[in-house]
Amino acid sequence: MTNNSLKILEEMDIESFQKDLIEWFEMEMRDLPWRKDQDPYKVWVSEIMLQQTRVDTVIPYFTRFLEKFPSIEVLANADEDQVLKAWEGLGYYSRVRNLQSAVKEVHEKYEGQVPDDPKEIATLKGVGPYTAGAILSIAYGKPEPAVDGNVMRVLSRILLIWEDIAKPSTRKTFETAVRGLISHENPSYFNQALMELGALICTPTSPSCLLCPVRDHCQAFDAGVQNELPVKTKKKKQRPVELVTAVLKDEQNRILIRKRPESGLLANMWEFPSAEVSIEYRSEKEQFKEYFKEEYQVDLSLGDMVGRIEHVFSHLIWNIHVFSGELQGDIQEGPALKLVKAEDLKEFAFPVSHQKIIKQFIDLEK
(Lines give C-alpha, C1' and ligand atoms only; values in the text may rest on other atoms or scores of the structure.)
Protein backbone atom coordinates (compact mmCIF):
# COMPACT_ATOMS: atom_id res chain seq x y z
CA MET A 1 0.00 0.00 0.00
CA THR A 2 1.33 3.45 -0.89
CA ASN A 3 2.11 6.00 1.80
CA ASN A 4 -0.84 8.11 0.65
CA SER A 5 -3.32 5.23 1.02
CA LEU A 6 -1.85 4.28 4.39
CA LYS A 7 -2.24 7.89 5.54
CA ILE A 8 -5.88 7.88 4.41
CA LEU A 9 -6.47 4.63 6.31
CA GLU A 10 -4.82 5.99 9.46
CA GLU A 11 -6.87 9.19 9.37
CA MET A 12 -10.23 7.49 8.69
CA ASP A 13 -12.95 7.34 11.30
CA ILE A 14 -12.98 3.54 11.11
CA GLU A 15 -15.74 3.02 13.68
CA SER A 16 -18.02 5.36 11.75
CA PHE A 17 -17.14 3.59 8.47
CA GLN A 18 -17.95 0.17 9.98
CA LYS A 19 -21.24 1.47 11.44
CA ASP A 20 -22.40 3.11 8.20
CA LEU A 21 -21.50 0.05 6.12
CA ILE A 22 -23.01 -2.62 8.39
CA GLU A 23 -26.23 -0.67 9.09
CA TRP A 24 -26.75 -0.30 5.32
CA PHE A 25 -26.17 -4.03 4.84
CA GLU A 26 -28.65 -4.93 7.58
CA MET A 27 -31.31 -2.92 5.76
CA GLU A 28 -30.44 -3.69 2.15
CA MET A 29 -28.94 -7.20 2.07
CA ARG A 30 -30.40 -9.43 -0.62
CA ASP A 31 -32.39 -12.48 0.44
CA LEU A 32 -30.03 -15.22 -0.76
CA PRO A 33 -30.36 -18.93 0.11
CA TRP A 34 -26.83 -19.24 1.53
CA ARG A 35 -27.60 -16.45 4.00
CA LYS A 36 -30.33 -18.46 5.76
CA ASP A 37 -27.76 -19.65 8.31
CA GLN A 38 -24.01 -19.60 8.85
CA ASP A 39 -23.34 -23.26 8.05
CA PRO A 40 -19.69 -23.34 6.89
CA TYR A 41 -20.44 -26.07 4.31
CA LYS A 42 -23.18 -23.94 2.70
CA VAL A 43 -20.99 -20.84 2.77
CA TRP A 44 -18.20 -22.85 1.16
CA VAL A 45 -20.41 -24.23 -1.64
CA SER A 46 -21.89 -20.80 -2.35
CA GLU A 47 -18.50 -19.09 -2.52
CA ILE A 48 -17.11 -21.70 -4.93
CA MET A 49 -20.20 -21.36 -7.13
CA LEU A 50 -20.03 -17.56 -7.09
CA GLN A 51 -16.50 -17.50 -8.50
CA GLN A 52 -16.77 -16.21 -12.09
CA THR A 53 -20.57 -16.60 -11.97
CA ARG A 54 -23.47 -14.19 -11.43
CA VAL A 55 -25.62 -14.44 -8.29
CA ASP A 56 -28.86 -14.89 -10.28
CA THR A 57 -27.31 -17.85 -12.12
CA VAL A 58 -26.02 -19.44 -8.92
CA ILE A 59 -29.24 -19.38 -6.86
CA PRO A 60 -31.07 -22.32 -8.55
CA TYR A 61 -27.83 -24.33 -8.83
CA PHE A 62 -27.07 -23.80 -5.13
CA THR A 63 -30.58 -24.90 -4.12
CA ARG A 64 -30.48 -28.06 -6.27
CA PHE A 65 -26.91 -28.89 -5.22
CA LEU A 66 -27.77 -28.69 -1.52
CA GLU A 67 -30.87 -30.84 -2.06
CA LYS A 68 -28.73 -33.49 -3.72
CA PHE A 69 -25.66 -33.14 -1.48
CA PRO A 70 -27.00 -31.72 1.81
CA SER A 71 -23.89 -32.40 3.88
CA ILE A 72 -20.15 -32.85 3.71
CA GLU A 73 -20.58 -36.59 4.21
CA VAL A 74 -23.00 -36.95 1.29
CA LEU A 75 -20.79 -34.94 -1.09
CA ALA A 76 -17.64 -36.76 0.04
CA ASN A 77 -19.22 -40.12 -0.79
CA ALA A 78 -20.96 -39.07 -4.01
CA ASP A 79 -20.05 -40.41 -7.44
CA GLU A 80 -18.05 -37.81 -9.38
CA ASP A 81 -20.28 -38.15 -12.45
CA GLN A 82 -23.31 -37.22 -10.31
CA VAL A 83 -21.46 -34.21 -8.91
CA LEU A 84 -20.44 -33.02 -12.38
CA LYS A 85 -24.02 -33.50 -13.58
CA ALA A 86 -25.29 -31.29 -10.73
CA TRP A 87 -22.74 -28.63 -11.77
CA GLU A 88 -23.55 -28.96 -15.48
CA GLY A 89 -23.91 -25.51 -17.06
CA LEU A 90 -22.05 -23.56 -14.38
CA GLY A 91 -18.71 -23.96 -16.15
CA TYR A 92 -15.20 -23.83 -14.66
CA TYR A 93 -15.63 -27.47 -13.67
CA SER A 94 -12.31 -27.69 -11.86
CA ARG A 95 -14.07 -25.74 -9.10
CA VAL A 96 -16.42 -28.59 -8.26
CA ARG A 97 -13.79 -31.31 -8.64
CA ASN A 98 -11.54 -29.42 -6.22
CA LEU A 99 -14.51 -28.86 -3.90
CA GLN A 100 -15.31 -32.56 -3.74
CA SER A 101 -11.64 -33.44 -3.23
CA ALA A 102 -11.37 -30.95 -0.35
CA VAL A 103 -14.68 -32.11 1.16
CA LYS A 104 -13.35 -35.69 1.19
CA GLU A 105 -10.32 -34.45 3.15
CA VAL A 106 -12.54 -32.60 5.61
CA HIS A 107 -14.68 -35.72 6.03
CA GLU A 108 -11.68 -37.96 6.67
CA LYS A 109 -9.21 -35.68 8.43
CA TYR A 110 -11.46 -33.27 10.34
CA GLU A 111 -14.44 -35.56 11.08
CA GLY A 112 -16.69 -33.58 8.73
CA GLN A 113 -16.05 -30.21 10.37
CA VAL A 114 -14.75 -27.44 8.10
CA PRO A 115 -11.57 -26.17 9.81
CA ASP A 116 -11.81 -22.77 11.50
CA ASP A 117 -8.04 -22.32 11.59
CA PRO A 118 -6.61 -20.10 8.80
CA LYS A 119 -3.59 -22.36 8.24
CA GLU A 120 -5.61 -25.59 8.13
CA ILE A 121 -8.35 -24.29 5.85
CA ALA A 122 -5.77 -22.84 3.44
CA THR A 123 -4.38 -26.33 2.78
CA LEU A 124 -7.67 -27.58 1.31
CA LYS A 125 -7.73 -28.03 -2.46
CA GLY A 126 -9.31 -25.11 -4.30
CA VAL A 127 -9.56 -22.97 -1.15
CA GLY A 128 -7.59 -19.83 -1.90
CA PRO A 129 -7.19 -16.75 0.32
CA TYR A 130 -10.57 -15.31 -0.67
CA THR A 131 -12.60 -18.49 -0.06
CA ALA A 132 -10.78 -19.14 3.22
CA GLY A 133 -11.46 -15.58 4.39
CA ALA A 134 -15.12 -15.80 3.38
CA ILE A 135 -15.70 -19.06 5.28
CA LEU A 136 -13.76 -17.94 8.35
CA SER A 137 -15.47 -14.54 8.59
CA ILE A 138 -19.02 -15.41 7.47
CA ALA A 139 -19.40 -18.83 9.10
CA TYR A 140 -17.04 -18.55 12.06
CA GLY A 141 -17.02 -14.81 12.79
CA LYS A 142 -13.24 -14.47 12.51
CA PRO A 143 -11.84 -11.07 11.39
CA GLU A 144 -10.14 -12.43 8.26
CA PRO A 145 -10.08 -10.56 4.93
CA ALA A 146 -12.09 -11.93 2.01
CA VAL A 147 -10.84 -9.96 -0.98
CA ASP A 148 -12.67 -10.44 -4.28
CA GLY A 149 -13.11 -8.11 -7.25
CA ASN A 150 -15.96 -6.25 -5.57
CA VAL A 151 -13.89 -5.58 -2.45
CA MET A 152 -10.88 -4.41 -4.46
CA ARG A 153 -13.06 -2.02 -6.46
CA VAL A 154 -14.72 -0.57 -3.35
CA LEU A 155 -11.49 -0.11 -1.40
CA SER A 156 -9.51 1.23 -4.34
CA ARG A 157 -12.06 4.08 -4.39
CA ILE A 158 -12.39 4.52 -0.64
CA LEU A 159 -8.62 4.63 -0.04
CA LEU A 160 -7.40 5.94 -3.43
CA ILE A 161 -5.41 2.79 -4.20
CA TRP A 162 -3.93 3.18 -7.70
CA GLU A 163 -2.25 -0.23 -7.89
CA ASP A 164 -3.25 -2.54 -10.77
CA ILE A 165 -5.84 -4.99 -9.43
CA ALA A 166 -5.11 -7.39 -12.31
CA LYS A 167 -1.73 -8.19 -10.72
CA PRO A 168 -1.89 -11.04 -8.17
CA SER A 169 0.63 -9.22 -5.93
CA THR A 170 -1.87 -6.38 -5.42
CA ARG A 171 -4.19 -8.64 -3.38
CA LYS A 172 -1.85 -8.24 -0.39
CA THR A 173 -2.46 -4.49 -0.46
CA PHE A 174 -6.20 -4.99 -0.15
CA GLU A 175 -5.87 -7.70 2.48
CA THR A 176 -3.83 -5.23 4.55
CA ALA A 177 -6.53 -2.61 4.04
CA VAL A 178 -9.32 -4.98 5.14
CA ARG A 179 -7.38 -5.99 8.25
CA GLY A 180 -7.17 -2.30 9.14
CA LEU A 181 -10.88 -1.67 8.56
CA ILE A 182 -12.71 -4.88 9.49
CA SER A 183 -15.18 -4.95 12.35
CA HIS A 184 -14.03 -7.40 15.03
CA GLU A 185 -17.53 -7.40 16.53
CA ASN A 186 -19.23 -8.42 13.27
CA PRO A 187 -16.68 -9.51 10.65
CA SER A 188 -19.33 -11.63 8.91
CA TYR A 189 -21.56 -8.66 8.05
CA PHE A 190 -18.58 -6.38 7.39
CA ASN A 191 -17.12 -8.63 4.67
CA GLN A 192 -20.50 -9.41 3.16
CA ALA A 193 -21.37 -5.71 3.18
CA LEU A 194 -18.21 -4.80 1.24
CA MET A 195 -19.05 -7.46 -1.37
CA GLU A 196 -22.70 -6.35 -1.51
CA LEU A 197 -21.71 -2.70 -1.88
CA GLY A 198 -19.50 -3.59 -4.84
CA ALA A 199 -22.25 -5.68 -6.43
CA LEU A 200 -25.11 -3.20 -6.00
CA ILE A 201 -23.75 0.34 -5.60
CA CYS A 202 -20.00 0.66 -6.22
CA THR A 203 -20.25 -0.97 -9.64
CA PRO A 204 -17.47 -1.13 -12.28
CA THR A 205 -19.01 1.61 -14.42
CA SER A 206 -21.32 4.42 -13.35
CA PRO A 207 -21.19 3.77 -9.58
CA SER A 208 -24.27 5.03 -7.72
CA CYS A 209 -22.30 7.32 -5.43
CA LEU A 210 -25.33 9.33 -4.30
CA LEU A 211 -26.85 6.12 -2.87
CA CYS A 212 -23.62 4.94 -1.23
CA PRO A 213 -23.76 4.57 2.57
CA VAL A 214 -20.00 5.24 2.92
CA ARG A 215 -19.76 8.11 0.43
CA ASP A 216 -18.56 10.46 3.18
CA HIS A 217 -15.54 8.18 3.71
CA CYS A 218 -14.69 7.82 0.01
CA GLN A 219 -11.59 9.64 -1.20
CA ALA A 220 -12.29 8.90 -4.89
CA PHE A 221 -15.76 10.49 -4.67
CA ASP A 222 -14.28 13.46 -2.84
CA ALA A 223 -11.66 13.90 -5.58
CA GLY A 224 -14.12 13.12 -8.41
CA VAL A 225 -12.04 10.18 -9.72
CA GLN A 226 -14.39 7.29 -8.90
CA ASN A 227 -14.72 6.41 -12.60
CA GLU A 228 -10.93 6.13 -12.97
CA LEU A 229 -10.61 3.47 -10.29
CA PRO A 230 -9.82 0.66 -9.95
CA VAL A 231 -6.79 0.46 -12.23
CA LYS A 232 -7.01 -2.79 -14.18
CA THR A 233 -4.94 -3.83 -17.19
CA LYS A 234 -6.77 -5.70 -19.93
CA LYS A 235 -6.38 -9.44 -20.34
CA LYS A 236 -4.76 -10.96 -23.40
CA LYS A 237 -7.10 -11.68 -26.29
CA GLN A 238 -8.63 -15.13 -26.41
CA ARG A 239 -7.13 -17.60 -28.87
CA PRO A 240 -9.59 -18.91 -31.49
CA VAL A 241 -9.69 -22.70 -31.97
CA GLU A 242 -11.41 -24.45 -34.87
CA LEU A 243 -13.02 -27.77 -33.91
CA VAL A 244 -15.01 -30.45 -35.69
CA THR A 245 -17.54 -32.23 -33.49
CA ALA A 246 -19.51 -35.17 -34.84
CA VAL A 247 -22.79 -36.68 -33.68
CA LEU A 248 -22.12 -40.27 -34.75
CA LYS A 249 -24.68 -43.09 -34.72
CA ASP A 250 -24.31 -46.85 -35.06
CA GLU A 251 -26.73 -49.28 -36.78
CA GLN A 252 -28.94 -49.32 -33.69
CA ASN A 253 -29.26 -45.53 -33.77
CA ARG A 254 -27.16 -45.17 -30.62
CA ILE A 255 -24.97 -42.07 -30.31
CA LEU A 256 -21.25 -42.19 -29.54
CA ILE A 257 -20.03 -40.13 -26.59
CA ARG A 258 -16.69 -40.04 -24.84
CA LYS A 259 -15.28 -38.81 -21.58
CA ARG A 260 -12.65 -36.09 -21.59
CA PRO A 261 -9.29 -36.71 -19.86
CA GLU A 262 -9.00 -36.59 -16.06
CA SER A 263 -7.01 -33.35 -16.14
CA GLY A 264 -7.10 -30.17 -18.17
CA LEU A 265 -9.97 -28.20 -19.65
CA LEU A 266 -13.44 -29.65 -18.83
CA ALA A 267 -11.83 -32.71 -17.25
CA ASN A 268 -14.05 -35.80 -16.94
CA MET A 269 -16.97 -34.19 -18.77
CA TRP A 270 -18.73 -36.13 -21.53
CA GLU A 271 -18.72 -34.90 -25.12
CA PHE A 272 -19.31 -35.93 -28.70
CA PRO A 273 -16.05 -36.88 -30.48
CA SER A 274 -14.17 -33.73 -31.39
CA ALA A 275 -10.88 -32.78 -32.98
CA GLU A 276 -9.04 -29.54 -33.56
CA VAL A 277 -8.65 -28.79 -37.28
CA SER A 278 -6.93 -26.26 -39.47
CA ILE A 279 -9.41 -24.68 -41.85
CA GLU A 280 -6.55 -23.68 -44.12
CA TYR A 281 -5.40 -27.27 -44.50
CA ARG A 282 -7.69 -29.41 -46.71
CA SER A 283 -11.28 -30.11 -45.79
CA GLU A 284 -12.23 -30.18 -42.13
CA LYS A 285 -14.36 -33.25 -42.81
CA GLU A 286 -11.39 -35.21 -44.13
CA GLN A 287 -9.22 -34.11 -41.22
CA PHE A 288 -11.78 -35.38 -38.74
CA LYS A 289 -12.28 -38.73 -40.51
CA GLU A 290 -8.51 -39.27 -40.54
CA TYR A 291 -8.27 -38.36 -36.83
CA PHE A 292 -11.15 -40.68 -35.93
CA LYS A 293 -9.74 -43.66 -37.86
CA GLU A 294 -6.37 -43.21 -36.18
CA GLU A 295 -7.90 -42.81 -32.71
CA TYR A 296 -10.53 -45.59 -32.83
CA GLN A 297 -9.64 -47.82 -35.84
CA VAL A 298 -13.15 -47.36 -37.22
CA ASP A 299 -14.28 -45.73 -40.45
CA LEU A 300 -17.21 -43.39 -40.59
CA SER A 301 -19.29 -41.49 -43.09
CA LEU A 302 -19.97 -37.83 -42.43
CA GLY A 303 -22.85 -35.87 -43.89
CA ASP A 304 -22.91 -32.14 -44.48
CA MET A 305 -22.21 -29.74 -41.67
CA VAL A 306 -25.43 -29.25 -39.69
CA GLY A 307 -24.37 -26.04 -37.94
CA ARG A 308 -21.80 -24.04 -36.02
CA ILE A 309 -21.52 -23.19 -32.35
CA GLU A 310 -19.25 -20.63 -30.74
CA HIS A 311 -18.24 -21.07 -27.12
CA VAL A 312 -16.12 -18.52 -25.26
CA PHE A 313 -13.70 -19.36 -22.44
CA SER A 314 -11.53 -16.86 -20.58
CA HIS A 315 -8.53 -17.78 -22.76
CA LEU A 316 -10.06 -19.56 -25.79
CA ILE A 317 -12.87 -19.24 -28.29
CA TRP A 318 -14.12 -22.54 -29.66
CA ASN A 319 -15.55 -22.35 -33.17
CA ILE A 320 -17.30 -25.73 -33.39
CA HIS A 321 -18.26 -27.13 -36.79
CA VAL A 322 -20.98 -29.71 -36.06
CA PHE A 323 -21.44 -32.72 -38.39
CA SER A 324 -23.70 -35.74 -38.24
CA GLY A 325 -22.47 -39.12 -39.39
CA GLU A 326 -22.58 -42.88 -39.11
CA LEU A 327 -20.10 -45.41 -37.78
CA GLN A 328 -19.00 -47.99 -40.35
CA GLY A 329 -17.92 -50.77 -38.06
CA ASP A 330 -18.00 -51.81 -34.42
CA ILE A 331 -16.37 -49.58 -31.86
CA GLN A 332 -14.90 -50.87 -28.61
CA GLU A 333 -16.82 -49.34 -25.72
CA GLY A 334 -15.20 -48.73 -22.33
CA PRO A 335 -15.42 -46.51 -19.23
CA ALA A 336 -14.62 -43.44 -21.33
CA LEU A 337 -16.39 -44.40 -24.59
CA LYS A 338 -20.10 -45.27 -24.78
CA LEU A 339 -22.91 -45.77 -27.26
CA VAL A 340 -26.15 -44.44 -25.76
CA LYS A 341 -29.71 -43.81 -26.84
CA ALA A 342 -30.62 -40.19 -27.50
CA GLU A 343 -33.06 -40.09 -24.58
CA ASP A 344 -30.29 -41.28 -22.21
CA LEU A 345 -27.96 -38.36 -22.97
CA LYS A 346 -29.55 -36.45 -20.09
CA GLU A 347 -27.89 -38.86 -17.64
CA PHE A 348 -24.41 -37.59 -18.52
CA ALA A 349 -22.69 -34.29 -17.65
CA PHE A 350 -21.88 -32.36 -20.83
CA PRO A 351 -20.18 -28.95 -21.07
CA VAL A 352 -22.38 -26.07 -22.22
CA SER A 353 -21.11 -26.20 -25.82
CA HIS A 354 -22.17 -29.85 -26.18
CA GLN A 355 -25.47 -29.22 -24.39
CA LYS A 356 -26.15 -26.73 -27.19
CA ILE A 357 -25.42 -29.48 -29.73
CA ILE A 358 -27.94 -31.78 -27.99
CA LYS A 359 -30.55 -29.04 -27.92
CA GLN A 360 -30.08 -27.86 -31.50
CA PHE A 361 -29.13 -30.94 -33.50
CA ILE A 362 -30.40 -34.10 -31.74
CA ASP A 363 -33.96 -35.35 -31.70
CA LEU A 364 -34.32 -36.69 -28.15
CA GLU A 365 -37.71 -38.24 -28.88
CA LYS A 366 -36.31 -40.98 -31.15
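Thr131 is in contact with Trp44, Glu47, Ile48, Gln51 and Gly126, once its neighbours within four places in sequence are left aside. This residue belongs to helix H9, which covers residues 129-139, and Thr131 is buried, with a relative accessible area of 2%. Keep in mind as you look around that this is a predicted model.

**The chain as a whole**

- The chain holds 15 helices and seven strands.
- Its C-alpha trace spans about 75 × 50 × 35 Å along the principal axes.
- Of its 366 residues, 49% count as buried.
- Among the contacts in the chain with a separation of 6 or more, 68% come from residues 24 or more positions apart.

**Helix H4 and its partner H6**

- Helix H4 runs over residues 55-68 and helix H6 over residues 80-87; their axes come within 9 Å and cross at roughly 155°.
- Because an angle over 145 degrees counts as roughly antiparallel, H4 and H6 are roughly antiparallel to each other.
- The crossing of these two helices, H4 and H6, is right-handed.
- On the H4 side the contact is made by Tyr61, Phe65 and Lys68, and on the H6 side by Gln82, Val83, Ala86 and Trp87.
- Sorted by class, the residues in the contact of H4 with H6 are five nonpolar, one polar and one charged.
- With 14 residues, H4 reaches 20 Å from its first C-alpha to its last, close to the 20 Å expected at 1.5 Å a residue.
- The buried residues in H4 are Val55, Val58, Tyr61, Phe62, Phe65 and Leu66; Tyr61 and Phe65 also take part in the contact with H6.
- The cover over the buried residues of H4 includes helix H3 (40-50), helix H5 (72-76), H6 and helix H7 (94-109).

**Where H10 meets H11**

- Helix H10 (residues 149-158) packs against helix H11 (residues 171-181) at an angle of about 75°, and their axes are 10 Å apart.
- Angles of 65 to 115 degrees count as roughly perpendicular, so H10 is roughly perpendicular to H11.
- H10 brings Val151, Met152, Leu155 and Ser156 to this contact, while H11 brings Phe174, Ala177, Val178 and Leu181.
- Seven nonpolar residues and one polar residue make up the contact of H10 with H11, with no charged residues.

**Helix H12, largely enclosed**

- Helix H12 (residues 187-200) has 14 residues and a reach of 20 Å from first C-alpha to last, close to the 20 Å expected at 1.5 Å a residue.
- Since 11 of the 14 residues of H12 are buried, this helix is largely enclosed by the rest of the structure.
- Those buried residues are Pro187, Ser188, Phe190, Asn191, Gln192, Ala193, Leu194, Met195, Glu196, Leu197 and Gly198.
- Covering the buried residues of H12 are elements including helix H2 (14-28), H9, H10 and H11; H9 is the helix in which Thr131 lies.

**Glu163, in the loop between H10 and H11**

- Glu163 sits in the loop between H10 and H11.
- At 22% relative accessibility, Glu163 counts as partly exposed.
- Leaving out residues up to four places away in sequence, Glu163 touches Met1, Thr2, Thr170, Thr173 and Val231.
- Between Glu163 and Thr173 there are 10 residues of sequence separation, and their C-alpha atoms are 8.6 Å apart in space.

Conventions:
Residues are numbered from 1 along each chain as its sequence is written. This is a predicted model: local features need pLDDT of at least 70, side-chain atom pairs count only at pLDDT 80 or more; totals for chains, interfaces and linings use all residues. Side-chain values use heavy atoms; hydrogens and water are left out. Axes are lines fitted to C-alpha atoms, for helices over the stretch in contact, and angles run from 0 to 180 degrees between N-to-C directions. Helices (H or I, at least four residues) and strands (E, at least two) are DSSP runs, numbered from the N terminus. Angles under 35 degrees count as roughly parallel, over 145 as roughly antiparallel, 65 to 115 as roughly perpendicular and the rest as oblique. A crossing is left-handed if the near helix is turned anticlockwise from the far one by less than a right angle, and right-handed if clockwise. Contact means heavy atoms within 4.5 Å. Ala, Val, Leu, Ile, Met, Phe, Trp, Tyr, Cys and Pro count as nonpolar, Asp, Glu, Lys and Arg as charged, and the others, Gly among them, as polar. The expected span of a helix is 1.5 Å times one less than its number of residues. Buried means under 20% relative accessible area, exposed over 50%, partly exposed in between (1.4 Å probe, protein chains only).
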